[in-house]
Structure formats: structure tokens, C-alpha cells
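Reader: I would like to learn how to read a structure feature by feature. Please take me through this one.

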Amino acid sequence: MEEEKVILVNELDEQIGLMPKLEAHEKAVLHRAFSVFIFNDANELMLQQRALHKYHSPGLWTNTCCSHQRDGESNIEAGKRRLQEEMGFVVDLQETISFIYKASFDNGLTEHEYDHIMVGKHNESPKINIDEVADWKWMPLENVKVDIELHPQYYTEWFKIIFKKFYQHINITSNE
């Protein structure tokens, strides 16, 4: 099976090529990605704990799901695909904001992503894919904010960046 490729982009999010995912992370090349945030009616965020065998950030807590768009796939299509693959459900998603970040990991890999943030609503328990997700929980946004401040080591780098910089954009109640 051919290794999954990521979409290389410039700082305007214009596609400039494709590259195998691992190579893009080894070379710290800017590529397109997305992060999905699912809220319930109580405005709690569905968090996932990454599977323990992931090649970076294993066992850390993060947003509902995240991944990379495939060539020719819209942000919304990619978000719905990955939500189904990781969490076992699909909902309507709304694009909010996007930003560029760069984070290096202990294993020598670097995430350098043009990340598109999407939000959606869901009230039921997910049917997690144990190859991707170790655990999940609902958590009020204020509790997430406090826990990240107290225990930053338990959360993925991109989630901490998103949460700190873009809290007002992911807080779904402020957008309704």
C-alpha cells in the first residue's frame, strides 16, 4: 500500500505539490491539515486521547479529530471522512479559521501545518476506532482551558496552540 501523501502548500494555502506524510514531517515542510472540534448541547468539547502507538504525540489528549486532506478533497469532506474513521460518526461541519503553526517533537519529526479549524455538534457517544483513539471524553471548555494550564504535558502541541490563540473561534456558543 502506498504511503499517504500530504498536500504541500505555500503561506497562502495554495497547493504546490504532494509528499509522503512521514517525509513531510521529517523535513518540516508546510502542508495542509485540519482539526475538528465537536461540541454537545451542553457546550462540552469531545476530546480524544491519541492511540498509544501513534508515531508522534501518542497517548496525549487533543481535539475530536485531526488529519490531512487528500489531493482533491475539500476541508469539509476531509473532516467528515476522518471523523467517521476515528470516532465512528459524521455530522455537519462549519469551517471557522485557519492558521500556520510549527511544532517539533522529541522523535525528530516536525509538524509544519496550514491548519483549518472546523466545528460541529453531536450529543451521542462515539464508536472509537481503537487503531486511532485510546479514549475519549466530554469536557467543558473552561475546564479544558484550566487543565491545559495545569497539565500542558497531557495535550498535543497543536491543540494547545489552537486553544490559546483561537479559543473565541472554537467556542461554538459565541458563533451562534
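Author: We can start with burial. This is a predicted model. In strand β8, residues 110-121, eleven of the twelve residues are buried, so the strand is largely enclosed by the rest of the structure.

Reader: Which strands pair with β8, and in which direction do they run?

Author: Strand β3 (residues 31-39) is joined to β8 by nine bridges, and these two run parallel. One of the bridge pairs is His 31 with Glu 113 in β8. Strand β7 (residues 94-104) is also joined to β8 by nine bridges, but this pair is antiparallel. There, Thr 110 in β8 has Ser 104 opposite.

Reader: What is found between the strands in the hairpin of β7 and β8?

Author: Five residues lie between the two strands, and Gly 108 in this hairpin has a positive phi near 90°.

Reader: How do I read a pocket?

Author: Rolling a probe the size of a water molecule over the atoms shows where empty space is left. Here the largest pocket holds about 380 Å³ of space. Its lining has two or more residues from each of β3, β4 (44-50), β6 (65-67), α2 (75-87) and β8. Helix α2 gives the largest share, four residues.

Reader: Which residues lie nearest the centre of the largest pocket, and what is the lining made of?

Author: The lining has 27 residues, and those nearest the centre are Lys 21, Arg 50, Lys 54, Cys 66 and Ser 67. By class, the lining has 14 charged, seven polar and six nonpolar residues.

Reader: Cys 66 came up at the pocket. How many disulfides are there in the whole structure?

Author: The search finds zero. A disulfide needs two cysteine sulfur atoms within 2.5 Å. For Cys 65, the closest cysteine sulfur is that of Cys 66, at 6.7 Å, so the two are too far apart for a bond.

Reader: Are Cys 65 and Cys 66 buried or exposed?

Author: Cys 65 is buried, with a relative accessible area of 0%. Cys 66 is buried too, with a value of 14%.

Notes. Residues are numbered from 1 along each chain as its sequence is written. This is a predicted model: local features need pLDDT of at least 70, side-chain atom pairs count only at pLDDT 80 or more; totals for chains, interfaces and linings use all residues. Side-chain values use heavy atoms; hydrogens and water are left out. Buried means under 20% relative accessible area, exposed over 50%, partly exposed in between (1.4 Å probe, protein chains only). Two strands pair if DSSP finds at least two bridges between them. On a 1 Å grid over the protein atoms alone, a cavity is a set of points where a 1.4 Å probe fits but cannot get out, and a pocket is an open set with protein on both sides within 12 Å along at least five of seven lines; lining residues have an atom within 4 Å of a point. Grid points are joined across faces, edges and corners, and a volume is the space filled by probe spheres set on the points. Ala, Val, Leu, Ile, Met, Phe, Trp, Tyr, Cys and Pro count as nonpolar, Asp, Glu, Lys and Arg as charged, and the others, Gly among them, as polar.
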